[in-house]
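Hello,

Here is the structure we talked about handing over. Please have a look, then read my notes below.

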Amino acid sequence: MSIMSNAKRALAIAAASATLFSMAACGSSNAAGSKSDSSSAASSGKIEVVASINQWGSVAKDLGGSNVEVTNIMTKTNVEAHDYEPTSQDVAKFGTAKVAVVNGADYDPWATKAAQSTKATLVTAAETAGIKEGDNPHVWFSAKVRSNTADAITAAYQKADPSHKDDYAKLNKDWHAKEDQLESKIKGTSSKTENLPYAATESVAWYLADDLKMTDATPKGYAQASANESEPTPADIKDFQDTLKAGSIKMLVFNSQEANSTTDQITGAAKDANVPIVELTEQMPKQYTNLLDWMSALVDQFAAAVK
């Protein structure tokens with residue numbers, strides 16, 4: 001699992017703190033702009049929502065419908081998400097939000113810091129399932145986390161806008177019906193993928209693979225190096241390549257958002273050994289408008305990759 005380095009994490013949090021401090025200390029143009037934004041949101045009657053990443057933002061939108069205005073901070077798949085450094089404008093968006101949705105588990109610490117310094121009701125996806133710092137942070141791949149987070153968002157909406165409580169309850173029910181369909185697909189696909197040994201260039205989709213009852217067979221040396229935020233040794237890379245050649249790994253999961261010379265060697269070995277590759281990203285690709293459609297498409301990719 002590749003996670004943002006401690007140094008960059010600290011810089012991102014520091015930047016968020018500095019921006020929030022300057023917003024609080026400065027009573028001129030920035031404060032006026034925030035007030036104007038808040039007045040606009042209030043006049044529209046919509047809940048202003050800020051989500052750190054687009055996949056959770058899509059869930060927030062689905063659960064709020066026309067009663068919410070959702071702003072996503074991270075939306076691109078051509079950058080390393082763990083290394084994201086927020087701008088002052090990004091951080092400022094949390095200042096006027098009534099509800100903030102973050103991932104947690106140290107994936108987006110700058111967003112958590114920004115949201116905690118405001119009056120917004122904070123929903124932290126990882127915390128809804130007891131996942132904490134040091135655990136795999138890619139929690140949107142987990143059926144349990146998706147479901148729990150949806151309920152937490154709905155509760156936040158009903159608290160912020162009790163006059164539309166029934167609307168949010170219905171939207172929540174509709175969302176869960178779609179999640180149930182996805183989980184039925186996952187259960188059906190698991191009849192093909194159960195106990196299937198797979199390896200990953202990093203553990204981005206670990207939760208989804210676990211829901212599919214697959215077995216993580218990533219060579220230990222490589223997996224430990226990735227989890228420890230260090231470069232795998234030449235011996236680790238060779239072991240991975242040899243394991244692919246030996247045929248014991250039946251699928252390779254590749255996060256193209258974290259591509260580098262090392263992953264090029266691994267994917268090259270997989271292609272040479274005719275091992276199917278499931279390619280995915282961390283952020284939701286622009287062709288999808290909601291998290292559930294994206295997850296459904298990924299389940300189809302896993303199913304198609306089974307020989």
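Start with helix α11. Its buried residues are Thr262, Thr263, Ile266, Thr267, Ala269 and Ala270. Buried means under 20% relative accessible area, exposed over 50%, and partly exposed in between (1.4 Å probe, protein chains only). Seen down the axis of α11, these residues fall within an arc of 155 degrees, so they line one face of the helix. The arc is taken from the directions from the helix axis to the C-beta atoms. An α-helix has 3.6 residues a turn, so residues three or four places apart point the same way. On the other side of α11, Ser261, Lys271 and Asp272 are exposed.

Before going on, two notes on the source. This is a predicted model: local features need pLDDT of at least 70 and side-chain atom pairs count only at pLDDT 80 or more, while totals for chains, interfaces and linings use all residues. Residues are numbered from 1 along each chain as its sequence is written, and side-chain values use heavy atoms, with hydrogens and water left out.

Back to α11. Its buried residues pack against α9 (220–227), α10 (234–246), β7 (251–255) and β8 (277–280); contact means heavy atoms within 4.5 Å. Helices (H or I, at least four residues) and strands (E, at least two) are DSSP runs, numbered from the N terminus. Asn260 caps the N-terminal end of α11, with a side-chain oxygen 2.9 Å from the backbone nitrogen of Thr262. A polar contact is a pair of N or O atoms within 3.5 Å; within protein, one must be able to donate a hydrogen and the other to accept it, and residues adjacent in sequence count only if both atoms are side-chain atoms. Just after α11, Asn274 takes a positive phi of about 60 degrees.

Now the rings. There are eight aromatic pairs. Rings of Phe, Tyr and Trp (its six-membered ring) pair if their centres lie within 6.5 Å; planes under 30 degrees apart count as stacked, over 60 as edge-to-face and the rest as tilted. The rings of Tyr84 and Trp110 have centres 5.5 Å apart and planes at 45 degrees, so this pair is tilted. Tyr84 is buried, at 18% relative accessible area. Trp110 is buried too, at 1%.

Tyr107 and Trp140 pair edge-to-face, with 5.2 Å between centres and 70 degrees between planes. Both Tyr107 and Trp140 are buried. Ring pairs link Tyr107, Trp140, Phe141 and Trp294 into a cluster.

Best wishes
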